[in-house]
Amino acid sequence: MTKPIYLDYNATTPIDPAVRAAMLPFLDEHFGNPSSAHSYGKATAAAVTIARAEVASLIGAQPDEIVFAGGGSEVSNHAIKGAVLWTKFAGRARPHVITCAIEHPATLVTCEAIRRWDCDVTFLPVDGFGRVDPDAVRKAITANTALVSIMHSNNEVGTLQPVAAIAAIAHEHGLLVHTDAAQSLGKLPMNVETLGVDLLTIVGHKLYAPKGSAALYIRRGVNLEPLIHGAGHESGRRAGTENVPYIVGLGAACRIATSNLPVEEPRLRRLRDQLHAGLGDVVLNGHRTEQLPNTLNVSFAGRIGAELLAAIPEIAASTGSACHEGRVKLSRVLLAMGVSPEAGQGAVRFSVGRFTTEDEVERALKLVRAQL
């Protein structure tokens with residue numbers, strides 16, 4: 001049976017064969033604990049050191065600013081909870097966090113959870129393109145604000161946020177800034193100095209590395225309360241014996257992304273634009289220019305996105321709106337953007353990636369057009 005055309009790279013990516021090849025020796029021959037002083041431990045400790053430098057290089061950071069973790073949700077939890085708890089322990093009774101309405105659940109639900117810790121949270125609205133107004137951040141800052149957490153790009157519509165402008169405002173007030181860059185890495189140039197962020201989420205399975213590999217960038221001098229306590233791994237910032245094969249895989253994925261980016265960004269953009277042009281009369285959801293090069297979220301008039309995709313099993317794509325027992329649950333992202341229920345129910349997200357070909361895009365277009 002022929003596999004469906006995969007146009008859901010924002011949901012997850014396949015492991016790159018070169019990443020798999022880099023990992024294999026550490027699943028077999030090099031199995032030592034990096035904390036061990038003998039040769040088995042030294043071999044794996046050296047591999048972790050190399051991977052840390054490879055991850056740092058992708059975002060313009062220093063190796064000692066990279067903390068490996070077990071997934072993107074853990075990383076964003078660490079950034080937000082770690083900043084809030086450090087502030088509370090420093091004597092601020094009721095810390096305040098600023099975020100936005102279309103964040104990934106790893107941020108949104110975490111921000112809801114910290115309210116139970118006597119913390120305040122402001123969920124900023126977005127405009128019709130899904131962007132936060134930097135001036136709204138400025139107006140939301142209070143004497144108790146400790147952290148601003150705004151994602152770099154939205155996973156559903158691909159809209160890029162003005163993170164650098166937001167970070168500049170936050171730093172005027174001495175605040176920490178966190179951004180979830182899971183969807184952006186490997187698709188766009190990324191430099192933490194240019195962005196001005198203090199904390200940044202890196203997720204392996206969006207970057208052709210395995211699920212369960214991730215890292216948090218923590219700017220030198222920034223203090224966070226650890227999320228996981230135990231022995232002194234990761235310079236005391238995240239306890240747990242290092243998952244060496246997955247760390248090596250994440251490092252390899254970042255090295256490949258760094259090398260491929262000058263060619264990959266325009267290639268993804270061409271494929272995305274080819275798909276958009278071929279769909280004809282559809283409504284674009286998101287920003288026309290300030291968006292990820294690989295992401296296309298469009299609404300099909302008079303259709304239900306989930307039903308359209310169900311009728312085309314030869315394509316693997318996503319819709320933010322779910323259809324169950326004749327009822328349509330609309331995407332919270334599109335609702336926050338002010339997209340009408342009629343347009344929202346017809347939304348479909350196509351996301352291309354490293355292994356997408358022009359032929360696949362053309363075949364997908366024929367399949368979609370046959371249903372319209």
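These notebook entries record what I looked up in a predicted model.

**Entry 1. Conventions.** I worked on a predicted model in which local features need pLDDT of at least 70 and side-chain atom pairs count only at pLDDT 80 or more, while totals for chains, interfaces and linings use all residues. Residues are numbered from 1 along each chain as its sequence is written, and side-chain values use heavy atoms, with hydrogens and water left out. Helices (H or I, at least four residues) and strands (E, at least two) are DSSP runs, numbered from the N terminus.

**Entry 2. Helix H6.** I looked up which residues of helix H6 (residues 163-172) are buried. Buried means under 20% relative accessible area, exposed over 50%, and partly exposed in between (1.4 Å probe, protein chains only). I noted Val163, Ile166, Ala167, Ile169 and Ala170 as buried. Viewed down the axis of H6, these buried residues fall within an arc of 160 degrees, so they line one face of the helix; the arc is that of the directions from the helix axis to the C-beta atoms. An α-helix has 3.6 residues a turn, so residues three or four places apart point the same way. The buried residues of H6 pack against helix H5 (134-140), strand S5 (145-149), strand S6 (176-180) and helix H7 (192-195), with contact meaning heavy atoms within 4.5 Å. Just after H6, I found glycine 174 with a positive phi of about 70 degrees.

Entry 3. Glutamate 234 is buried, with a relative accessible area of 7%, whereas serine 235 is exposed, at 66%.

Entry 4. On a 1 Å grid over the protein atoms alone, a cavity is a set of points where a 1.4 Å probe fits but cannot get out, and a pocket is an open set with protein on both sides within 12 Å along at least five of seven lines; lining residues have an atom within 4 Å of a point. The largest pocket has a volume of about 160 Å³. Its lining comprises 15 residues, of which His104, Asp180, Ala182, Val203 and Lys206 lie nearest the centre. Helix H3 (72-89) and strand S7 (199-203) are the elements that give two or more residues to this lining, and H3 gives the most, with three.

I then turned to the cavities. The structure holds two of 30 Å³ or more, and the largest cavity has about 70 Å³ of space. Of its 13 lining residues, Gly186, Lys187, Lys206, Tyr208 and Leu268 are the closest to its centre.

**Entry 5. A three-strand sheet.** I traced an open sheet with the order S9-S10-S14 and antiparallel pairing; two strands pair if DSSP finds at least two bridges between them. Strand S9 (283-284) and strand S14 (347-351) stand at the edges, each with a single partner strand, so one side of each lacks a neighbour in the sheet. Five bridges join strand S10 (residues 295-299) to S14, and two join S9 to S10. Leucine 296 stands opposite phenylalanine 350 in S14. Valine 298 has valine 348 as its bridge partner in S14, and leucine 284 stands opposite valine 298.

How is S10 covered on its faces? Thr295, Asn297 and Ser299 on one side and Leu296 and Val298 on the other are all buried. With five of its five residues buried, S10 is therefore largely enclosed by the rest of the structure.

Note on methods
Grid points are joined across faces, edges and corners, and a volume is the space filled by probe spheres set on the points.
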